[in-house]
Amino acid sequence: MQHYLELSINEQAILTMASMILASSLALLAQSRVISTIRLFAWQGVLLAVITALVALHTGEFHLLISAFLTLSLKAMFIPWLLIRQAKSLNILKESDAVIRPGLILLMGGAMVVFCYSVVQPIEVLAASVTRNAVALSLAVVMLSMLMLITRRKAVTQVVAFMALENGLFFAAITTTQGMPLVVELGIAFDVMVAAVIFGVFFFHMRDSIGSLDVDELVRLSEHKD
């Protein structure tokens, strides 16, 4: 891995933002309150938009500025606003999604970060991209989001975990390939927006059907029917 001080200012800024995205994923994993989880996801969207803009300026791929604007609009503004509005309507905004044994979960998260660095190290040596040092960070964001998705009980926080997982995949695409074709990026942005709306409809149907947004209730209901 290149020494940090040997990199250009732009590369240093990219890696700093990448580290902050990883820190936001760890914070999401540790957070229990619904409102704080949504706000952390919004800040992760801001960081992702900033790093996309930095990569655009560094590589000269200025179509990535459109991706940065879409990321800021959707993941830092629209989706958090929609989730907060839905949580208010469902009266769960100030509730907690308690994590069982949070210390153990964070320890597992730290182990995943170390594992991602060890796995990606051979790839980083062969990579020609100036942003190759961010590969391990992007993989770690994906793994931490998957861990969050597994350990959360409420549907709202699981949706946040799913969106954070998509952030990690987008982050990996930006830092390793300097962006996808614009039409693909627009399609992904549209899919994310539609998914957020569909999840909102699902929340209300789930609450009306079983009176709760706890996914464990669905399991118990299924067992009762069997």
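**Helix 2 with helix 6.** I began with this pair in the predicted model: the axes of helix 2 (residues 34-59) and helix 6 come within 11 Å and cross at roughly 10 degrees. Helices here are DSSP runs (H or I, at least four residues), numbered from the N terminus. Axes are lines fitted to C-alpha atoms over the stretch in contact, with angles from 0 to 180 degrees between N-to-C directions. The two helices are therefore roughly parallel (angles under 35 degrees; over 145 is roughly antiparallel). I looked up the contact (heavy atoms within 4.5 Å) and found F41, L48 and I51 of helix 2 and M163, F170 and I174 of helix 6 among its residues. By class it has 13 nonpolar, six polar and no charged residues; Ala, Val, Leu, Ile, Met, Phe, Trp, Tyr, Cys and Pro count as nonpolar, Asp, Glu, Lys and Arg as charged, the others, Gly among them, as polar.

**Helix 3 with helix 6.** Next I checked helix 3 (residues 64-89) against helix 6 (residues 155-177): about 175 degrees, axes 13 Å apart. That makes the pair roughly antiparallel. The contact includes K75 and I79 of helix 3 and E166 and N167 of helix 6. I noted eight nonpolar, three polar and two charged residues there.

**Helix 1.** I then listed the buried residues (under 20% relative accessible area, 1.4 Å probe, protein chains only); they include E11, I14, A18, L22 and L29.

**Bookkeeping.** Numbering runs from 1 along each chain as its sequence is written. Local features need pLDDT of at least 70, side-chain atom pairs count only at pLDDT 80 or more, totals for chains, interfaces and linings use all residues, and side-chain values use heavy atoms, leaving out hydrogens and water.

Conventions:
Parallel < 35°, antiparallel > 145°, perpendicular 65-115°, else oblique. Buried < 20%, exposed > 50% of the residue type's maximum accessible area, 1.4 Å probe, protein only.
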